[in-house]
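Please read the following report with the sequence and the 3D view side by side. It is written for a reader who meets this structure for the first time.

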Amino acid sequence: MNAQPLIEARRLSKHFDVGRGAPTGKKKVVKAVDGVDFAIRRGTTLALVGESGCGKTTTARLLLRLETPTAGSVYLDGADIHDLPRGERAEFRRRVQAVFQDPWASLNPRMRVRDLVAEPLVANNRLSRSAVTDRVAEVLTGVGLTPDHMRNFPHEFSGGQRQRIAIASALISQPRVLILDEPVSALDVSIRSQIMNLLKDIQQRLSVTYLLVAHDLGTTRYMADRTAVMYLGRIVEIGDTDTVFEGPAHPYTQALFSAALPARPATESREIVLDGEVPSPLNPPSGCPFHTRCPVKIGRRCEEETPKLQPVPGPGGTHLAACHLMDDMEGQRG
Amino acid sequence: MTHSDSDVVLAVENLQTHLYTKRGLVRAVDGVSFDLRSGETLGIVGESGSGKSMTALSLVRLIPRPAARIVGGSVRLDGEEILEKSEAEMRAIRGEQIAMILQDPQSSLNPVFTVGDQIAETFQLQGKQPRGRMRERAIAALREVQVADPENRVSNFPHEMSGGMKQRVVGAIAVARRPRVLIADEPTTSLDVTIQAQYLRLLRSIQQQTGTSIIFITHDFGIVAKMCDRVAVMYAGRIVEYGPVHSIFATPSHPYTQALIASVPSPDTKVERLESIEGQPPVPWDLPKGCRFAPRCPFVMDRCRADYPPMFATQSAGDGDAEAEHAAACRLLEGES
C-alpha cells in the first residue's frame, strides 16, 4: 500500500463513434470505457472481470497504447503513456507486453519458435544473433520448454505449449507489466492450471506486474491480488480479491458471483438470476447503469444519479463500490 | 440393477467410432457404454479430443463422413437399434425423438430466414399447416423458452438477436416436438456468466415440464455439479469413470478425475497452489497400449502399461446398491473390490 503504484488509470475513457442513427441523424457513441480509475502496485495482479461488452478488453488495449483515450490518462511510473516523446515509445513496448487468449491466432504460423520468441528483442535491441539465441533459450527454459524447441513451427505444439511460447515471447524484453487478456480460457481444463501456476511463478521470480482480463471467476480468485468488476464501461466494485469475493457489495457483483458455476454439487442454490440482458452500450440507462436489472433498486435516485465509487463499510477502506446503497449503510453506521 | 429396463431410454453399448485420417486411424470413440434413464441428466465430461462430442454425434449418426465411421456397438432408443435404421428413418428420429443443441447458436441458425420460419420448419415435418397457425405455434415455442416479446421476436432474423436469445431459439427448435432425449453439446460455452445461469435454469424447467432426458456434453465440472444427476468422465476415447454426481465429487476414484477436479480453481475458496496434471493428453493416432492416462498418472504401476484396465466398482458404490453405482477404469481399485 505504501509503495507508489506502477500503473495508474485516472478517469480513463474511450468512446467510439459508430456513425449516425438513421431517423435523427444524431451521432451515436459507444462509451466502451467511461471514467475508470485504478492503480496496480508493482509485482501484483489486478483482475478486470465482467461480461462481454463491459469494457475490460478496451481498458487493456488502452494500457497497451493500442487505443488512444477519449479522456483521462494512464500513468506508468508517473509518466503519461499516451503522451510519450517519440523516442520513448519503443522503450514502452519493451516494458509493457501482452499475452492474448488464443495461441492459435497470436503466433505467426510461418515463423520458427526462435524467431517468434526473439521478435520483441530484435525489434528493440541491437544484440548479436548468438546473444539473441542464448536469450531465447533462457526464456524458453523459464516457461517450461527446452532450447530444442527453437527450430519448430507453432503447428507442432499443443495449445498449452503454444501459450508457453507466447509467454516466452512476452517476457524476452524483460517487461515490467504484462497484460494478460483471458490467458487460459482457450486452453483445456487440465492445461489451464499449468499455465496459471507458470504465470504465478514468473510473477514471483521476476516481480512483473499483471493486468488480468478474465470472465472466469475461479481464475480471478486464484490469480489476482485485487479485483475490479466492470459493467457497461464502468468499474462498479473494486477491492482486495478475497474481500470482494467474500463480501461482494454491489448488487451486480452479487448477482454475477451467484451465477458462477459451483465447484461441487450444491445442496441449496443461492442463485440470484438477473432478468434480461446487459443493455446496449449504444443506449445505456440513465443514472446507475445497472438500475434496469437491479434486484434491490432503491428508487428514482438510481435512475437519475450515477453513483460514484465509495468505501464499502468495513475494515480496510480499500474496498469500493459504486452503489447508492453504500450511502444508506454509511448513514446507518454513522 | 434395481432400475427396470423400461426406465432406460437410451442404451449405449460398446460404441466404437473410428476416424480415418492422413496420420492414421483414430479411435475417437473406443468402446463407450452407458445408460440414459428417463428424466435424468447425464453429463459426459472430457477435454478436447476425449471423444465426447464424437460420442454425441454418433448417437444421432451425424458423424462427418466419409472420414468417420461407426464400426461397432449398439445404440438402442426405447429398445430399438438406431445403428440399423435407414437414413430416412433416422431423419424421422432426429428432432422427433432425439434433438440436439450445439455450442454456437450462430451456426445452428440459418441467417436468411426469420427465427419464426425456422421454428415452423420443425412443425412442418408433421404435415402442412396454415401459415397463421404456424406463426402461432412458433410464438408459443418462443414463449416457452422465455424469449421476451415473442410476438415481435418471431419475425426477427438471427443477426437481430443476442447470443443468449439465439441459443434460446435453438432450444425452442430442439424441444418443439418433445423429444425423448435432448443432447446438449456445450450449449452455454459461448454465453456470458449471467446469461448462462438463465439458460441452465431454462433447460431445467423444460426438463421438469416435459420429462425429457438430457445428455450434457461439457468440459466444465461446474456445469456437471449444477446440472447433472450422473456423470461419465471420458479420456482419450473411453469412459474412465462414471457414477452419481455426488459420489464422483465426494470420492473421485480415477486419478484423472481426481486431478481434473483438483485443478479447477473455485471462486468460493482461496487456494495457494493449484494442482496440475503434468504433460499433455496422448496424440489420438498413437495411443499408449495400456491405460491411456498412464504416462501422466502419478500412481502408475507396471501393469497399467501392460493392458487397458477394466471397470472396477468403487468402495463408495456400497453393497450392490445400483442407485449409487460408481465405477472407474483404474487398477488402483482392483484390490478394493
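## Enclosed spaces

This is a predicted model, and the structure holds 3 cavities of 30 Å³ or more. The largest cavity has a volume of about 110 Å³, and among the 15 residues that line this cavity, those closest to its centre are Pro251(A), Cys288(A), Cys294(A), Cys302(A) and Cys323(A). The second largest cavity has a volume of about 90 Å³, and its lining consists of 14 residues, with Pro255(B), Cys291(B), Cys297(B), Cys304(B) and Cys330(B) nearest the centre. Sorted by class, the lining of the largest cavity comprises 11 nonpolar, 3 polar and 1 charged residues, while the lining of the second largest cavity divides into 12 nonpolar, 1 polar and 1 charged.

By class, the residues around the second largest pocket are 17 nonpolar, 11 polar and 5 charged.

## Aromatic rings

Over all chains, a search of the whole structure finds 8 aromatic pairs. One of them joins Tyr231(A) and Phe290(A) in an edge-to-face arrangement, with 5.2 Å from centre to centre and 85° between the planes. This pair links distant parts of the chain, 59 residues apart, since Tyr231(A) belongs to strand β9 (residues 226–231) of chain A and Phe290(A) to the loop between α9 (251–259) and α10 (300–304) of chain A. Tyr231(A) has a relative accessible area of 1% and is buried, and Phe290(A) is likewise buried, with a relative accessible area of 1%.

In chain B, the ring centres of Phe221(B) and Phe249(B) are 5.7 Å apart and their planes stand at 90°, so this pair is edge-to-face. Because Phe221(B) lies in helix α9 (residues 221–227) of chain B and Phe249(B) in helix α10 (residues 245–250) of chain B, the pair ties together parts that are 28 residues apart in sequence. Phe221(B) counts as buried at 5% relative accessibility, and Phe249(B) is buried with a relative accessible area of 4%.

Returning to chain A, Tyr231(A), Tyr252(A) and Phe290(A) form one aromatic cluster.

| Arginine | Ring | Distance to the ring centre |
|---|---|---|
| Arg65(A) | Phe92(A) | 5.7 Å |
| Arg137(B) | Phe123(B) | 3.9 Å |

In the pair from chain A, the charged end of Arg65(A) sits over the ring of Phe92(A), and in the pair from chain B, Arg137(B) lies over the face of Phe123(B).

## One buried side chain

Is Ile167(A) buried or exposed? Its relative accessibility is 0%, so Ile167(A) counts as buried. Ile167(A) is part of helix α5 (residues 159–171) of chain A. Leaving aside residues up to four places away in sequence, Ile167(A) touches Val99(A), Val143(A), Ile195(A), Leu198(A), Leu199(A) and Ile202(A). Val117(A) stands 50 residues from Ile167(A) along the chain, and the C-alpha atoms of these two residues are separated by 8.7 Å.

Note on methods: Residues are numbered from 1 along each chain as its sequence is written. Chains are lettered from A and ligands numbered from 1 in the order in which they are written. This is a predicted model: local features need pLDDT of at least 70, side-chain atom pairs count only at pLDDT 80 or more; totals for chains, interfaces and linings use all residues. Side-chain values use heavy atoms; hydrogens and water are left out. Helices (H or I, at least four residues) and strands (E, at least two) are DSSP runs, numbered from the N terminus. Buried means under 20% relative accessible area, exposed over 50%, partly exposed in between (1.4 Å probe, protein chains only). Contact means heavy atoms within 4.5 Å. On a 1 Å grid over the protein atoms alone, a cavity is a set of points where a 1.4 Å probe fits but cannot get out, and a pocket is an open set with protein on both sides within 12 Å along at least five of seven lines; lining residues have an atom within 4 Å of a point. Grid points are joined across faces, edges and corners, and a volume is the space filled by probe spheres set on the points. Ala, Val, Leu, Ile, Met, Phe, Trp, Tyr, Cys and Pro count as nonpolar, Asp, Glu, Lys and Arg as charged, and the others, Gly among them, as polar. Rings of Phe, Tyr and Trp (its six-membered ring) pair if their centres lie within 6.5 Å; planes under 30 degrees apart count as stacked, over 60 as edge-to-face and the rest as tilted. A charge sits over a ring if NZ of Lys or CZ of Arg is within 6 Å of the ring centre and within 35 degrees of the ring normal.
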